[in-house]
Amino acid sequence: MAELVVALDYQDAESALTMARELEGQVPWVKVGMELFTAEGPAIVQHLKNLDFNVFLDLKFHDIPNTVKGAVRSATRMGVDMVNIHALGGRRMAEGALEGRDMGLTPGQEPPIVLAVTVLTSVGPGDIPLKDAPEPGALALDLAVKAKQYGLNGVVCSALEARGIKASCGTGFSCLTPGIRPAAVAGDDQRRVVTPAQAVQNGADYLVVGRPVTGAQDSRSAARAIMDEMHAALV
Ligand code: C5P
């Protein structure tokens with residue numbers, strides 16, 4: 001069954017923790033991205049773990065293999081449950097990430113899931129700044145197949161691509177999908193957008209939702225409604 005990940009895109013720990021407490025006991029995952037982590041550092045991860053959330057550290061590492069190895073080792077030591085790198089970093093960078101994950105583990109610790117970002121969901125046709133650029137969905141599929149070959153656990157992609165990626169990479173290869181918008185909600189800066197029901201039907205494993213939950217009048221109810229839609233989509 002697919003799981004909801006709420007993106008805590010906040011400037012400070014107090015705002016993020018206020019939202020987390022509103023969602024506590026209902027939403028299984030929260031995401032700490034570059035805005036919050038740059039402001040608050042590892043302490044925010046610890047606070048969220050203390051509230052019993054699974055934590056996805058979304059820093060999209062993309063650097064030379066040795067640096068990414070060290071970054072993923074540090075993330076693993078921090079106790080995060082999921083971390084991501086860019087697929088475009090290639091095989092040696094991905095292998096560095098997996099090595100860093102293994103180096104950071106303490107005995108008995110569950111290894112974090114390591115995902116590769118394919119193409120951002122805010123990127124639409126015509127947005128890739130390359131001559132003869134491929135179409136975003138086709139590029140995402142190519143990068144997913146590579147990420148699978150590198151031994152990574154899955155990818156970050158649009159739910160528009162999840163079905164094709166599962167068909168090529170197998171059902172055990174995870175698809176984490178941002179760009180989720182309930183039918184009645186605006187897409188904001190996202191381009192490759194899918195409803196929660198459609199994302200689940202396409203085979204997505206983790207649905208990342210930020211503003212439709214954090215910007216709602218009643219965030220707990222908004223999250224509940226998305227999770228209900230996810231469940232209903234499978235019936
Ligand atoms: O508010 P919204 O639901 O658009 O938030 C989506 C979240 O997912 C943001 O935190 C964004 O950084 C993240 N994300 C994304 N596309 C990716 C990877 C992560 O939108 N490919």
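**Helix packing and buried residues**

Q: Which residues in α7 do Gly137, Ala140, Leu141, Ala144, Val145 and Lys148 in α6 meet?
A: Helices (H or I, at least four residues) and strands (E, at least two) are DSSP runs, numbered from the N terminus. Contact means heavy atoms within 4.5 Å. The named residues in α6 meet, in α7, Glu161, Gly164, Ile165, Ser168 and Cys169.

Q: What kind of model is this, and which atoms do its side-chain values use?
A: This is a predicted model: local features need pLDDT of at least 70 and side-chain atom pairs count only at pLDDT 80 or more, while totals for chains, interfaces and linings use all residues. Residues are numbered from 1 along each chain as its sequence is written; hydrogens and water are left out, and side-chain values use heavy atoms.

Q: At what angle do α6 and α7 pack?
A: Axes are lines fitted to C-alpha atoms, for helices over the stretch in contact, and angles run from 0 to 180 degrees between N-to-C directions. The axes of α6 (residues 136-150) and α7 (residues 159-169) lie 10 Å apart. Their packing angle is about 35°.

Q: How many residues of the contact of α6 with α7 are nonpolar?
A: Ala, Val, Leu, Ile, Met, Phe, Trp, Tyr, Cys and Pro count as nonpolar, Asp, Glu, Lys and Arg as charged, and the others, Gly among them, as polar. In this contact, three residues are polar and two are charged. The number of nonpolar residues is six.

Q: Which residues in α10 are buried?
A: Buried means under 20% relative accessible area, exposed over 50%, and partly exposed in between (1.4 Å probe, protein chains only). The buried residues in α10 are Ser219, Ala222, Ala223, Ile226, Met227, Met230 and Ala233.

Q: Is Gln26 buried or exposed?
A: Gln26 lies in the loop between α1 and β2 (29-33). Beyond its neighbours within four places in sequence, Gln26 is in contact with Arg220, Ala223, Arg224 and Met227. Its relative accessibility is 13%, so Gln26 counts as buried.
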